[in-house]
Structures are given as structure tokens and as C-alpha cells.
Amino acid sequence: MNEPNGTQDWVEDVKAEVSGMAKEGMNHPSTKPVLTGAAVGALAGAVLPVVSWPLGLLAGAGYMLYTRIKK
């Protein structure tokens, strides 16, 4: 959704995507990539000394959600 000044309304896009994932579950096209990103992030967080697995999980899921919305 583009606003008049050319910026994208990310909040509405994220809200719509997460709502769709919650309603459709595994049938939603974004669910599997976001869960995969969360798993990869959690593994990376467990391996890296500075990052914990919950932070990695959130970062991985957030990145994949961002890439899905950006399309």
C-alpha cells in the first residue's frame, strides 16, 4: 500500500500478512518460509556467542516476513 508521499505503509502490510498466517495456518504461502527463517535464526543464535536462540529466532522470522512483504 503506497501513501501519497511514496512511502510504503509497512504496518498495514505486516498486519495483513500476520493475520492471514494466523487464519490460514500452514496453508498460507508465507507460513512455511517464515517458520524456516525462524528455525535458521534460532540455530544461528545457538551457535553464535553473542546472540541467544530466542533473539535469533525472532530475527530469522522477522527477516523472512520482511522479504515476503517486500515482494
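**Questions about the helices**

Colleague: Which residues of α3 are buried?

Modeller: Buried residues of α3 are Gly56, Gly60, Ala61, Leu65, Thr67 and Ile69. The word means under 20% relative accessible area, while exposed means over 50% and partly exposed lies in between (1.4 Å probe, protein chains only). This is a predicted model, where local features need pLDDT of at least 70 and side-chain atom pairs count only at pLDDT 80 or more, while totals for chains, interfaces and linings use all residues. Residues are numbered from 1 along each chain as its sequence is written, and side-chain values use heavy atoms, leaving out hydrogens and water.

Colleague: What do the buried residues of α3 pack against?

Modeller: They pack against α1 and α2, where contact means heavy atoms within 4.5 Å.

Colleague: How many helices and strands does the chain have?

Modeller: There are 3 helices and 0 strands, running α-α-α from the N terminus on. Both are DSSP runs, numbered from the N terminus: helices are H or I with at least four residues, strands E with at least two. Of the chain's 71 residues, 28% count as buried.

Colleague: How do you know that the span of α2 agrees with what it should be?

Modeller: We compare two values. The expected span is 1.5 Å times one less than the number of residues. For the 17 residues of α2 (31–47) this should be 24 Å, and the end C-alpha atoms are 25 Å apart, so the two agree. The 15 residues of α1 should span 21 Å, and its end C-alpha atoms are 21 Å apart, so α1 agrees as well. With 18 residues, α3 reaches 25 Å from its first C-alpha to its last, close to the expected 26 Å.

Colleague: Which residues of α1 are buried, and what puts them on the same side?

Modeller: In α1, Asp13, Glu17, Gly20 and Met21 are buried. They lie on the same side of α1 because they cover an arc of only 100 degrees around the axis, taken from the directions from the helix axis to the C-beta atoms. On the other side of α1, Val11, Lys15, Ala22 and Lys23 are exposed.

Colleague: What about α2?

Modeller: Its buried residues are Thr31, Val34, Gly37, Ala38, Gly41, Ala42 and Gly45. Their arc is only 135 degrees around the axis, so they too sit on the same side of α2. What covers them includes α1 (10–24) and α3 (53–70). Lys32, Val40, Leu43, Ala46 and Val47 are exposed on the other side of α2.

Colleague: Why does leucine 35 count as partly exposed?

Modeller: Leucine 35 is found in helix α2. Its relative accessibility is 46%, so it counts as partly exposed.

Colleague: At what angle do α2 and α3 pack?

Modeller: The angle is about 145 degrees, and their axes are 6 Å apart. Axes are lines fitted to C-alpha atoms, for helices over the stretch in contact, with angles from 0 to 180 degrees between N-to-C directions. The contact is made by Pro33, Val34, Gly37, Ala38, Gly41, Ala42, Gly45 and Ala46 of α2 with Trp53, Gly56, Leu57, Gly60, Ala61, Met64, Leu65 and Arg68 of α3. These residues divide into 10 nonpolar, 5 polar and 1 charged; nonpolar are Ala, Val, Leu, Ile, Met, Phe, Trp, Tyr, Cys and Pro, charged are Asp, Glu, Lys and Arg, and the others, Gly among them, are polar.
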